Amino acid sequence: MSENTATVGEARAPRVVLVGLASCFGCQINITNIERHLLAVLGQIELGYWQLTSSEPMPEAFDVAVIEGAVTTEEAAETVRALRERAACVIAIGSCAATGGIPAMAAGDLASHVEAVYGDGLPKACGVLRAPAPVSAVIDVDFTVSCCPIDPFEFVRVLDAALYGSNRLDVTATLCGQCAQGEGGCLYKRGQMCLGLVTRAGCGAKCPGLGRACNGCAGLSPDANVTAARAFAASRGFAPGRFDEALEMFNAVALAPAGEE
Amino acid sequence: MTATRISVDHVARVEGHGDIHVVIENGEVTTCEMAVVEPARLFESMVVGRSFEEVPYIASRVCGICSASHVVTDIRAIEAVFGVAVTDRTEALRELLVYGSYLQNHATHLFVFAAPDFLGHKSVFPLADTNPDLLERALGLKALGNELCTLVGGRSIHPITAVVGGFTHEIEAAEYRRLAEAMDASRAFALASVDLFRDFDTIALETAGDMLAMVAPGAYPVCTSDTARFVRAGYEFAAAAVEEEIEEYPQGSSAAFLARARRTGAPYMTAALARVNASWGALCKDARYAAAKAGLRPPEYNPFANNIAQAVELVDVLDRCAALCRRLAADEFAGASAPVPFAVRAGVGTGFTEAPRGALFHRLELDGDGRVRRASILTPTAQNIANLEGDMRQLAEKMVGEGYDGALIRLEIEKLVRAYDPCLSCSVH
């Protein structure tokens, strides 16, 4: 774009490409939803490729690859491998890219899901399917922006960290700690099952704050005690299996028995 | 003469992944495809067995930009099964949520996706240098749509607060009043947008297919009717009969199922243009006048006019949202928005709304525990692709006949694809 993007300090502006895999495109849309701030961000980088917003073709060389969506085909796996080879830094954005997200609900029994929708006539245009997985199942990922959809300001913060460095550590706490101040009170007291017990904090507990249970879109916290959380849900009268069933929505891959990948 | 091949991999400035293939041999268009190359997304199968409480949340993820429409449509399908009658206030909030996604979608499509073609740019961003005022106002309108969705739905996409029976949270009256004022303040730019898109040169085309839109007597409905109308063939049907009226069929080059009307066999367009054709008389006065001034009057079958129709809807939606916000602030709608009580029961229900990009149907069969037995989703773009391909062919034939070269034909075909405002990721579900 304009001349003022040519340099950051003394160096060439970092070239960033943004690629969407299997997704709703919502995280990319949400990046455009920061409107005026977006122009400030674009003033710091050279936007190399972003199919959603520009007809500029994919450049040969780039510094940062931002990936939205889950890996659901062999072609997509090839795409992310190629991005990894060329980019100094890879950022996975959104639940699909970070945990497998909603697409990974089909990971457990892919063939039967495909048959249910397409019968025995899967169109060639779908590509060669593989069990939906997060980007990190295929390549090393340097930074992750969680949630469905991402908070675009969190994306800006992570991009900033990727470009200029940051000493901020990833949040590891579970959501409950952030949510306790919520004026509505714990959703379990209102008879609702909430996944805030095990979900990584950082989103500000927006859903419980609006009266809606956490659905785990930020992914499991490394501090989560899933066994204890299951027992807690059971103690509140939820049938065995309900807690894991709810977790399947955004955490099917993390829940799958080890050794499947 | 040699063959000209127009091949665009992952056409830019549309949502989702699609490839254009056109082959022109000896002055004849021999191949003309809009291939949707999304991976299988499998929503209709993934929701099977899931509880009704989760299903709108999952269906929302079909589409990032019309997530509000998927949520409201799914909720309407579930409420049809359970026999839930929501309050007038909840209906008003759902309309407001859907209109919020219209503002988001139309502002994004018109300025970020479509306008760069006509302004000679590869993206909207060079406007920061060439026309910062236009960029500022365009992004401001888009931001207003985001704000409306955030205040009503809890965030700009994938709404949180809309549930079966009502809403889990609502904003204060003062915030509705502030929104109403912001809507009023944006009207002048929306009116200017109609003129802007009127002034862009487009090629004269007349789609051979039909047009489909939700209708209601004396109204311009988006989520409050269960009747759909084929504008050209001139007949209506109940949304519950969607599977008897619309045939979905596979085509190998596309990961999406395509659609046609069963009675006529015709492909069709469903979009802002179809709505304007179907309900012109019920547009708000400002919007109707702006449309007339721009030369957009029914019947209008040039698909490029969908850009103008979306701009007209921006005017219409701003007026409607301002009025809805003022009435919500004044507590003029009966009942509260907190979810009404309901009993879970088995059955089949159809949800029907006008998403920003056209008619959207969700059909759900639930068991006695409220779990999904079968789901069928019909998105606007899945319905549009067959008609788009017909229009692409007509456009290519016309331009070949008039001696245009491949590069210009390619550009016009891309413009046509964008005029349909396709959501290719949505079309695969």
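Chain A averages a pLDDT of 90, with 92% of its residues scoring at least 70. Where pLDDT is low, though, the predicted coordinates should not be read in detail. Chain B averages a pLDDT of 96, and 100% of its residues score at least 70. For the complex, the predictor reports an ipTM of 0.92 and a pTM of 0.95.

On to the contact between the chains. Chain B puts 52 residues into it and chain A puts in 50. On the chain B side, the elements that supply two or more residues are strand E3 (28-36), helix H1 (43-46), helix H2 (55-60), H4, helix H5 (127-130) and helix H6 (132-153). H6(B) gives the most, with four residues. Sorted by class, the chain B side that touches chain A comes out as 24 nonpolar, 18 polar and 10 charged residues.

Within chain A, there is an open sheet of five strands, paired in parallel and running in the order E4-E3-E5-E7-E9. Strand E4 (46-50) and strand E9 (143-145) of chain A sit at the edges with a single partner strand each, so one side of each has no neighbour in the sheet. On average, and with direction ignored, neighbouring strands of this sheet are turned by 20° against each other. One of the pairings joins strand E3 (residues 15-20) and strand E5 (residues 64-68) of chain A, in the parallel sense and over five bridges. Here A:Leu18 stands opposite A:Val66 in E5(A). Helix H6 (residues 152-164) of chain A packs on the sheet, where it touches E5, strand E7 (89-93) and E9 of chain A. The direction of this helix makes about 170° with that of E9(A).

Back in chain B, two helix pairs can be set side by side. Two packed helices are described by the angle between their axes and the distance between the axes. For helix H3 (residues 67-82) and helix H4 (residues 88-119) of chain B, the axes come within 8 Å and cross at roughly 150°. Angles over 145 degrees count as roughly antiparallel, so that is the label for H3(B) against H4(B). H3(B) passes H4(B) in a left-handed crossing. From H3(B), the residues involved are B:Ala68, B:Ser69 and B:Val72, and they meet B:Arg94, B:Leu97, B:Val98, B:Gly100 and B:Ser101 in H4(B). By class, this contact has four nonpolar, three polar and one charged residues.

The other pair is helix H9 (residues 272-279) and helix H11 (residues 306-329) of chain B, which pack at an angle of about 70° with their axes 7 Å apart. That angle makes H9(B) roughly perpendicular to H11(B). The crossing of H9(B) and H11(B) is left-handed. H9(B) contributes B:Ala272, B:Leu273 and B:Val276 to the contact, while H11(B) brings B:Asn306, B:Ala309, B:Gln310, B:Val312 and B:Glu313. The class count for H9(B) with H11(B) is five nonpolar, two polar and one charged residues.

Methods. Residues numbered from 1 in each chain as written. Chains lettered and ligands numbered in written order. Predicted model: local features only at pLDDT ≥ 70, side-chain atom pairs only at ≥ 80, totals over all residues. Axes fitted to C-alpha atoms, helices over the stretch in contact; angles between N-to-C directions. Parallel < 35°, antiparallel > 145°, perpendicular 65-115°, else oblique. Left-handed = near helix turned anticlockwise from the far one by under 90°. Contact = placed C-beta atoms within 7 Å. Nonpolar A, V, L, I, M, F, W, Y, C, P; charged D, E, K, R; others polar. pLDDT = per-residue confidence, 0-100. Pairing = 2+ DSSP bridges.
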